[in-house]
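Please look over the sequence and the coordinates before reading on. The paragraphs after them are meant to be read with the model open.

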Amino acid sequence: MLLSLLGLFSSSGLIEVLPAPGEYTSIQTLSFTVSDNSTIKFTLNGGVEQIYTVPITMSENTVVEYWGVDQGGNIGEKTTLTYIIDAIAPTTTINHPAGLYNSILEVILISDETSIIRYKIGNGAYQIYTAPFLLSTDAIISYYATDTIGNIESVKTTSYTFDLVSPVTTIKPNPGFYKTVQNITLSSNELGSAIYYTLNGGIEQVYSTPFTILTDSIIEYYSIDSAGNREVTKAASYVIDNIAPITSISPLPGLYSGIQNITLTPNESSVVQYSVNNGPWQVYSIPFMLAEDSEVRYRGIDISGNIEAIKTVNYLITDVTVYRINGGPWIPYTGPFNGHHYEKIEAAVRYTGGAFSDINEVSYTIIDTTDQWIMVG
Ligand SMILES: [Ca+2]
Ligand SMILES: [Ca+2]
Ligand SMILES: [Ca+2]
């Protein structure tokens, strides 16, 4: 009974509220209209009680409580309205700044409010972002988010380029043996690379201009490209040698009895050449035989190309057993050899100066071709 009485005296006119409570993506202007001349009172977000006179601007989430007070001072029922106002689009951030990278990237997109994030790689289709993804090739990532009430962020793009390959540095001249000082040049196959080197284990230096090596040197070097890829260190070894080799001969020149095997030995890695009795120059590899008086010339050429002055030595060789077959040239006898059908073999001893002993003639008629015979000097 009391309630109905209160209702009777407190009821103010019908209050109309615009806009209706709900979700809005823009600032809202709240207005009250009352059908009689009651006063409207309200609070915003639990704040102080105010009397409504002019429309109220709501730029953020707002809880409005309002009621009427009639001219008799009767207070009407309080009504609470909730406005969700979000006029601000979300902001999405990407975890790696745009730029050049030398390793695979894990890309993470994060929005500053509850949102759905969409992204695309290059000209691909937009897809909903659900988890980090990997990127290892040049690409532009486009992305934006939509918040829960539909505010859409402007599309952002972030551009990535990748260089996963180390540079390759070239050194000139090629490592090796040289007769003179050398100017060393280093170059990288990638523009923008930095080249580093050490000389004979010294401190590392940044290469800028060619440098000269005066003596045997080991140069270690590598490049780092603009993406930060580091080449594996390489080493180049140079020998600077302007001294000719010295070759020794054994046995020493002189008078010898019987065939002599001549050995040539250089004092450093060299090609040794020799010539016997003004014959053609030959490359020495194994000892060679002298079976008569001989003039031997020889020299060494080292790896750097230094050439030893030609040495000329003489050997007198006597008491060499020689033979000839069917009147052919005289051949020094070095050991048993195969005979053939109907050969005439002659043997003698040759002395220094080319004189011969008496010639012994031995004729063999070999019936069985597998037979061999042995000649004794
Ligand atoms: Ca928002
Ligand atoms: Ca590279
Ligand atoms: Ca040398």
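What follows moves from the domains to the core, and then to strands and single residues.

The model is a predicted one, in which local features need pLDDT of at least 70 and side-chain atom pairs count only at pLDDT 80 or more, while totals for chains, interfaces and linings use all residues. Residues are numbered from 1 along each chain as its sequence is written, and chains are lettered from A and ligands numbered from 1 in the order in which they are written.

The chain is assigned domain 1 (2–85), domain 2 (92–162), domain 3 (169–240), domain 4 (247–318) and domain 5 (320–364), the bounds coming from an automatic or database domain assignment. Between domain 3 and domain 4, the centres taken over C-alpha atoms are separated by 41 Å, and 4 residues of domain 3 are in contact with 4 residues of domain 4, where contact requires C-beta atoms, placed from the backbone, to lie within 7 Å. On the side of domain 3 that touches domain 4, the residues divide into 3 nonpolar, no polar and 1 charged; here Ala, Val, Leu, Ile, Met, Phe, Trp, Tyr, Cys and Pro count as nonpolar, Asp, Glu, Lys and Arg as charged, and the others, Gly among them, as polar.

The largest nonpolar core has 11 residues, namely Ile262, Leu264, Tyr274, Tyr284, Leu290, Tyr298, Tyr315, Ile317, Val320, Val322 and Ala348. Such a core is a set of buried Ala, Val, Leu, Ile, Met, Phe, Trp, Tyr and Cys residues joined through C-beta atoms within 7 Å, and a residue is buried if 20 or more other C-beta atoms lie within 10 Å of its own, exposed if 12 or fewer, and partly exposed in between, with C-beta atoms placed from the backbone. Two or more residues of this core come from each of strand S28 (260–266), strand S33 (311–318) and strand S34 (320–325), strands being DSSP runs (E, at least two residues) numbered from the N terminus. Because domain 4 (247–318) and domain 5 (320–364) both give residues to the core, it lies between them. Leaving aside residues up to four places away in sequence, Leu264 touches Thr247, Ile249, Val272, Tyr274, Tyr284 and Tyr298.

Turning to the strands, S13 (residues 115–121) pairs with S16 (residues 139–147) in the antiparallel sense over 7 bridges, where pairing requires DSSP to find at least two bridges. Ile117 has Ala145 in S16 as its bridge partner. S13 also pairs in the antiparallel sense with S14 (residues 127–128), over 2 bridges, and Tyr119 stands opposite Gln127 in S14. S13 and S14 form a hairpin with 5 residues between them, and Gly122 in the turn has a positive phi of about 60°.

Elsewhere, 5 strands form an open sheet with mixed pairing, in the order S2-S8-S7-S4-S5. S2 and S5 are its edge strands, each pairing on one side only. S2 and S8 (residues 79–85) run parallel and are joined by 3 bridges, with Ile85 in S8 as the bridge partner of Tyr24.

Some local backbone features remain. Leu18 and Pro19 are joined by a cis peptide bond with omega about -10°, and Pro19 is found in the loop between strand S1 (15–18) and strand S2 (22–24). Ser250 and Pro251 are likewise joined by a cis peptide bond, with omega about -5°. Asn45, in the loop between strand S4 (39–44) and strand S5 (50–51), has a positive phi near 55° and is exposed, with 11 other C-beta atoms within 10 Å.

Technical notes: Helices (H or I, at least four residues) and strands (E, at least two) are DSSP runs, numbered from the N terminus. Two residues are in contact if their C-beta atoms, placed from the backbone, lie within 7 Å.
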